[in-house]
Structures are given as C-alpha cells and as structure tokens.
Amino acid sequence: MNTATIEIQERATPAAFGRRKVSPRACIIDGKPHLRAFLADTLEELRFVTSECGGVEELSPRILAQQPDMLVIGSSVGGVEAARILDVADNAGFSGSVMLISARESIALRGILHHGLERGLTMLPPLTTPFSAQMLRESVAPLLPQEPAPQPEVDVAEALKTGWLELWYQRKLDARSLMPCGAEALVRMRHPSWGVVVPSAFLPDRNDPHFRALSEFVVARAVADWRYLLDHHGPVDLSINLPVDFLLDAQAVEDLCAWIPTHPAFGGLIVEVNAGEAASHIDTMVDVARRLRLHNVAISIDKVGADWPELMHRTAFPFVELKVDRAYVTGCADDRLKRTVCRRIVDLAGEYGARCTATGIESRSDYVAAHEIGFDLVQGYLFGKPMGLKKFARAAAARPPGTLE
C-alpha cells in the first residue's frame with residue numbers, strides 16, 4: 001500500500017462522519033450530461049440527494065447554496081480542471097468529502113489526490129471504471145444515514161403542493177420470451193432532505209382527504225410520462241395503482257376517462273386494484289370495468305393470494321389480469337403450497353380469458369418455476385428494479401430484449 005492510499009484512508013474516517021439524520025447531498029461535476037445522469041441515478045439509489053455541475057464555473061454558488069456533503073468529480077474531468085475544482089471548493093469553504101471517478105490509475109489521479117490532501121480536503125478512495133454498485137456503497141459508507149427516517153417522514157399534502165412526487169417504473173416481461181410487455185408505475189417522493197422516499201413513509205390511508213388528490217396525480221403523471229416515453233423510446237403500455245374507493249366515485253371515473261390519450265399509439269391504460277378491496281365490491285367493480293374498457297382502460301386485480309376462491313364462479317369477469325401476490329411467488333420454486341396456489345390462480349385466469357402475472361421474482365429458480373407453472377407475465381427485481389422515468393427510458397432503449405440483468 002502506498003503512502004497516498006494510507007493518507008486517504010486515514011482521512012476518510014473522521015468523527016465528522018458520525019451518525020446522520022438526513023440523507024447526504026452529493027454534487028456531481030462532469031462536462032458530459034450522460035455521465036452526470038448515470039452517477040446521479042446510482043447515488044440516488046443509495047438515498048443521496050444529488051445536484052449537478054457542468055464545470056468549475058458553476059461550483060462555488062452551488063456549494064454556498066446547497067452545502068453538499070460530497071463532491072463527485074467525474075471521469076471526463078481532466079487533471080488541471082480537477083485541481084481547479086478542488087481549489088474552488090476549498091475557497092468556498094467546502095468541508096465535506098471528495099470522490100474522484102477515473103477511467104484508470106494514473107500519475108494524474110495521484111496528483112489530484114495529493115493536491116486535495118494538501119488543501120486539507122477529505123479525499124475518499126477513488127473509483128476506477130467500471131465499478132459495481134457494491135464498490136460505490138463501500139466507498140461512500142461513512143456518509144450513508146445510520147438512523148431510520150421518522151414515520152411519517154412528510155405529509156402527502158405537502159408533497160403534492162411542493163411537487164416532490166413522481167412515478168417510477170418497473171418492467172413487465174413475457175414469461176416465455178422475456179420480451180418487454182409494459183411497465184407498472186409506482187409512486188415515489190423525492191424529498192429535499194431525505195432523498196427518494198418509498199410509499200410506506202408517506203401514503204395516506206383511505207380516509208385521508210388527500211387520497212383523491214394523490215390518485216389524480218398518479219393518473220395525470222402517468223399520462224404525461226407516457227407521452228415522454230413515446231418521444232424518447234416508443235409507446236409503452238403502462239399500469240397504475242388506484243384504490244377501489246376512487247373507482248367507486250362516479251365523477252372520478254368520468255374524469256379518468258377524460259384524461260386518457262386519444263393518440264393512435266396509445267394502447268390503453270391498466271388500473272391495478274387490490275384484490276381484497278375488489279372482492280368487497282365485486283359486483284360494482286364488474287360494472288365499472290365494463291364501462292372503463294370502452295374508454296381504453298382495463299382493470300387488473302392485484303395481490304391475489306389465498307383469497308383467490310372469492311373470484312371464482314363469476315358469470316362476468318371483465319378484468320384483464322390477475323397478479324399473484326409476491327408472497328406466493330417469491331420462493332415458490334421450493335415451496336409446494338406456494339406453487340399450488342400459483343397454479344390455481346393461473347388456471348382461474350385462463351378460464352376467464354385473462355392473463356396472469358407473477359410479481360416479486362428475485363431469483364432464477366423462481367423464474368423457472370413461474371415459467372413452468374404457466375404465468376403469462378413476470379415482474380420483479382431479477383428483471384429490473386423500479387427506476388425514475390428518464391432512467392427507465394434509457395434502460396429500455398439500451399437493454400436488448402429477452403435478457404436477464
């Protein structure tokens with residue numbers, strides 16, 4: 001181990017790296033927008049709040065305004081410009097950490113590291129490309145939050161008002177060919193202090209007066225995102241999640257129909273509803289589903305599990321899909337009871353002429369089991385995690401169809 005490495009590691013573990021109660025902030029400096037976007041996506045998965053700079057000229061006001069905890073200097077930044085970035089950061093009073101991304105180990109990289117140390121900056125061990133998500137996590141581990149966020153983290157009304165909410169997308173694939181067959185929209189919050197927040201931390205209960213506004217947001221954003229995907233990737237069949245109570249409101253259903261695009265490339269919108277809620281209002285939901293499909297909207301029954309017999313013996317079943325609860329799909333390769341439940345739901349869907357989707361697939365063995373059972377579609381982390389709109393569009397365009405990650 002050389003002297004530079006020893007110095008870097010010693011300075012990367014000061015007491016100042018102690019327990020944090022909010023998500024850390026990272027400012028990414030790189031002249032190439034696609035590299036900044038890649039680094040931002042990767043860091044946001046670790047719950048960083050990110051900002052970007054195209055060059056050193058933008059850095060000083062960004063440091064003063066946002067007080068980032070970490071500066072990330074991208075691989076396209078040359079040695080001389082990187083040294084200028086460190087000088088500007090030091091002069092602006094930056095007290096956080098610096099991470100260098102480099103295409104390779106080089107004399108210039110060691111020179112930049114020593115320049116930062118001489119300036120009194122905390123230099124994290126550099127990452128050379130290509131690097132894995134685990135390597136990045138280990139490098140920034142001292143900065144990651146050590147305490148769970150309080151519950152609830154933020155009120156949904158505030159999130160709607162401030163524009164913190166967005167939709168992330170997870171792919172659905174044909175179980176036999178692994179060809180993409182649309183995507184499910186999942187609501188996320190991008191909080192200015194906590195970074196990306198999962199729904200369990202902010203979704204209101206069904207009696208909350210803001211639930212209607214949240215549902216309307218989901219519909220409007222999904223339609224807007226579909227238009228973005230049409231322009232940047234091509235048409236994608238989208239599914240959204242709505243509470244049954246929303247669909248029991250006649251005015252809400254009328255508004256939903258009015259929002260549906262009339263573009264010839266729009267194949268329709270799928271609305272996923274919870275199986276337990278749907279079963280409690282099954283006759284009304286049948287009527288709603290009949291009316292909605294005339295407006296290019298279909299209803300999918302989500303989280304179907306042990307209660308599947310409640311959906312049997314229906315004279316009318318105008319639902320397009322049954323989605324099996326992940327609790328019965330994950331581990332079904334080694335659990336006979338789970339496989340039995342899955343197979344019976346697949347058979348039920350087939351009797352009604354609906355498709356059946358396996359959710360929560362995280363291993364190849366579960367995928368093989370789902371394929372053997374006869375699922376039409378598959379969905380889960382094995383095929384891709386939920387991701388923001390722009391990242392989803394890039395990934396969909398870049399990844400060859402019919403491949404596992």
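An axis here is a line fitted to C-alpha atoms, for helices over the stretch in contact, and angles run from 0 to 180 degrees between N-to-C directions. Helices (H or I, at least four residues) and strands (E, at least two) are DSSP runs, numbered from the N terminus. This is a predicted model, in which local features need pLDDT of at least 70 and side-chain atom pairs count only at pLDDT 80 or more, while totals for chains, interfaces and linings use all residues. Residues are numbered from 1 along each chain as its sequence is written, and side-chain values use heavy atoms, with hydrogens and water left out.

**The chain as a whole**

The chain holds 16 helices and 16 strands. Of its 405 residues, 48% are buried, where buried means under 20% relative accessible area, exposed over 50%, and partly exposed in between (1.4 Å probe, protein chains only). A contact means heavy atoms within 4.5 Å. Among contacts between residues at least 6 apart in sequence, 69% join residues at least 24 apart.

The predictor's confidence in each residue is given as pLDDT, from 0 to 100. Its mean over the chain is 86, and 89% of the residues reach 70 or more. Over residues 1-21 pLDDT stays under 50, and the model has 33 contacts beyond four places in sequence for this stretch. Where pLDDT is low, the predicted coordinates should not be read in detail.

**Helix pairs**

Angles under 35 degrees count as roughly parallel, over 145 as roughly antiparallel, 65 to 115 as roughly perpendicular and the rest as oblique.

| Helix pair | Angle | Axes |
|---|---|---|
| Helix 8 (residues 211-232) and helix 10 (residues 250-259) | roughly 15 degrees | within 10 Å |
| Helix 10 and helix 12 (residues 282-293) | about 25 degrees | 11 Å apart |
| Helix 14 (residues 336-352) and helix 15 (residues 364-373) | roughly 40 degrees | within 10 Å |

Helix 8 and helix 10 are therefore roughly parallel. Their contact joins Arg 212, Glu 216, Val 219 and Val 223 of helix 8 to Gln 251, Ala 252, Asp 255, Leu 256 and Trp 259 of helix 10. By class, this contact has 5 nonpolar, 1 polar and 3 charged residues. Here Ala, Val, Leu, Ile, Met, Phe, Trp, Tyr, Cys and Pro count as nonpolar, Asp, Glu, Lys and Arg as charged, and the others, Gly among them, as polar.

Helix 10 and helix 12 pack at about 25 degrees, so helix 10 is roughly parallel to helix 12. Val 253, Leu 256 and Cys 257 of helix 10 meet Val 288, Arg 291 and Leu 292 of helix 12. That contact has 5 nonpolar, no polar and 1 charged residues.

Helix 14 and helix 15 are oblique to each other. Arg 339, Cys 342, Arg 343 and Val 346 in helix 14 touch Ala 369, Glu 372 and Ile 373 in helix 15, a contact with 4 nonpolar, no polar and 3 charged residues.

**Backbone positions**

Most residues other than glycine have a negative phi, and most peptide bonds are trans. Thr 129 and Pro 130 are joined by a cis peptide bond, with omega about -5 degrees. Pro 130 sits in the loop between strand 6 (127-128) and helix 6 (133-140).

Leu 178 has a positive phi, near 60 degrees. Leu 178 lies in the loop between strand 7 (165-174) and strand 8 (180-191) and is buried, at 9% relative accessible area. Phi of Lys 303 is also positive, near 60 degrees. Lys 303 belongs to strand 12 (residues 297-304) and is partly exposed, at 45% relative accessibility.
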